[in-house]
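I opened this notebook to record what I looked up in a single structure. The entries follow the order in which I made them.

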Amino acid sequence: DGFEIAKYINENLQIPFIFLTSFADKDTLRKAKFLNPWGYIVKPCKAADLQAAIELIEVHENSQEDSEIAKKVDDALFYRDQNVLKKINISDISYVKAFGNYLEIYENDFKHLVRSTLQSLLSKLPNNFIRSHRSYIVNVNQIREVNSTYLLLDGINDELPIGKNCKDLITNILNIL
């Protein structure tokens, strides 16, 4: 169904999507909201409605280019901290935690606070970074332990949650003996 496709898109493709549906009840809207669609259009709709939603995504993506996270340069990201661009080495990122439109990016023993979305950052990171939860991105190369509800990373004692939608993705990428 559409929810499974949206889940797959979020976990594997990280591209914008719009729900086009005939359902507008509270339960369906609640389920859709947690999948982070870029739009939700209720049928019947006009072609102009769909075109407007697509154009708004394009505007948003273009504005993301001007977000506080600059494009990747080799193995680094730069973000704006007041009037200074600060560097984050991608290979040193352990995990990222989201708080609304802010991210805490944990690089070695340092925490960077950046104004951006998880989706925007994830699109700039290599494939060894995955969403482990709707509010977390982890560096797969630093996973030390995994259980059914949390994971531990090298050098990090905090238990990072594993979302229900992410369990299969995490177990599929691990080389389990």
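The entries below go from the conventions and the whole chain to particular residues.

**Entry 1: conventions.** I worked with a predicted model, in which local features need pLDDT of at least 70 and side-chain atom pairs count only at pLDDT 80 or more, while totals for chains, interfaces and linings use all residues. Residues are numbered from 1 along each chain as its sequence is written, and side-chain values use heavy atoms, with hydrogens and water left out.

**Entry 2: the chain as a whole.** I found five helices and 12 strands in the protein chain. Both kinds of element are DSSP runs numbered from the N terminus (helices: H or I, at least four residues; strands: E, at least two). The chain has 177 residues, and 36% of them count as buried. I took buried as under 20% relative accessible area, exposed as over 50% and partly exposed as in between, with a 1.4 Å probe and protein chains only. The chain exposes about 11000 Å², of which carbon and sulfur atoms supply 51%. Accessible areas come from the Shrake-Rupley method with a 1.4 Å probe; for residues, only the protein chains shown count as cover. Of the contacts (heavy atoms within 4.5 Å) between residues at least 6 apart in sequence, 35% join residues at least 24 apart.

**Entry 3: strand pairing.** I next looked up the sheets, where two strands pair if DSSP finds at least two bridges between them. Strands β1 and β2 run parallel and are joined by four bridges; Ile18 has Gly39 in β2 as its bridge partner. Strand β2 (residues 39-42) has a covered face made of Gly39 and Ile41 and an uncovered face made of Tyr40 and Val42. In a regular strand the side chains alternate between the two faces of the sheet.

Another sheet is open and has three strands in the order β10-β11-β12, with antiparallel pairing. Because β10 (143-146) and β12 (160-161) stand at the edges with a single partner strand each, one side of each is left without a neighbour in the sheet. Two bridges hold the antiparallel pairing of β11 (residues 150-153) with β12, and Leu151 stands opposite Leu160 in β12.

**Entry 4: salt bridges.** How many salt bridges does a search of the whole structure find? The search gives four, on the criterion of a side-chain nitrogen of Lys or Arg within 4 Å of a carboxyl oxygen of Asp or Glu. Side chains of opposite charge can pair when their charged atoms come close.

I noted a network of salt bridges that links Asp27, Arg30 and Lys31. Asp27 and Arg30 have their closest N and O atoms 2.5 Å apart, and for Lys31 and Asp27 the distance is 3.8 Å. Asp27 and Arg30 are three residues apart in helix α2 (residues 26-33), so about one helical turn separates them. Lys31 and Asp27 are four residues apart in helix α2 and therefore also about one helical turn apart. Asp27 is partly exposed at 37% relative accessible area, Arg30 at 42% and Lys31 at 40%.

Asp81 and Lys86 meet in a salt bridge of 2.8 Å, N to O. Both count as partly exposed, Asp81 at 30% and Lys86 at 33%.

**Entry 5: Glu104.** Is Glu104 buried or exposed? With a relative accessible area of 13%, Glu104 is buried. This residue lies in strand β6 (residues 102-107). The side chain of Glu104 makes a polar contact with that of Tyr106 at 2.5 Å. For a polar contact I required a pair of N or O atoms within 3.5 Å; within protein, one must be able to donate a hydrogen and the other to accept it, and residues adjacent in sequence count only if both atoms are side-chain atoms. Beyond its neighbours within four places in sequence, Glu104 is in contact with Tyr95, Val96, Lys97, Phe99, Lys111, His112 and Leu113.

**Entry 6: backbone in loops.** I recorded a cis peptide bond between Lys43 and Pro44, with omega about -10°. Pro44 is in the loop between β2 and α3 (47-65). Asn36, in the loop between α2 and β2, has a positive phi near 55°. Asn108, in the loop between β6 and β7 (110-115), has a positive phi near 50°.
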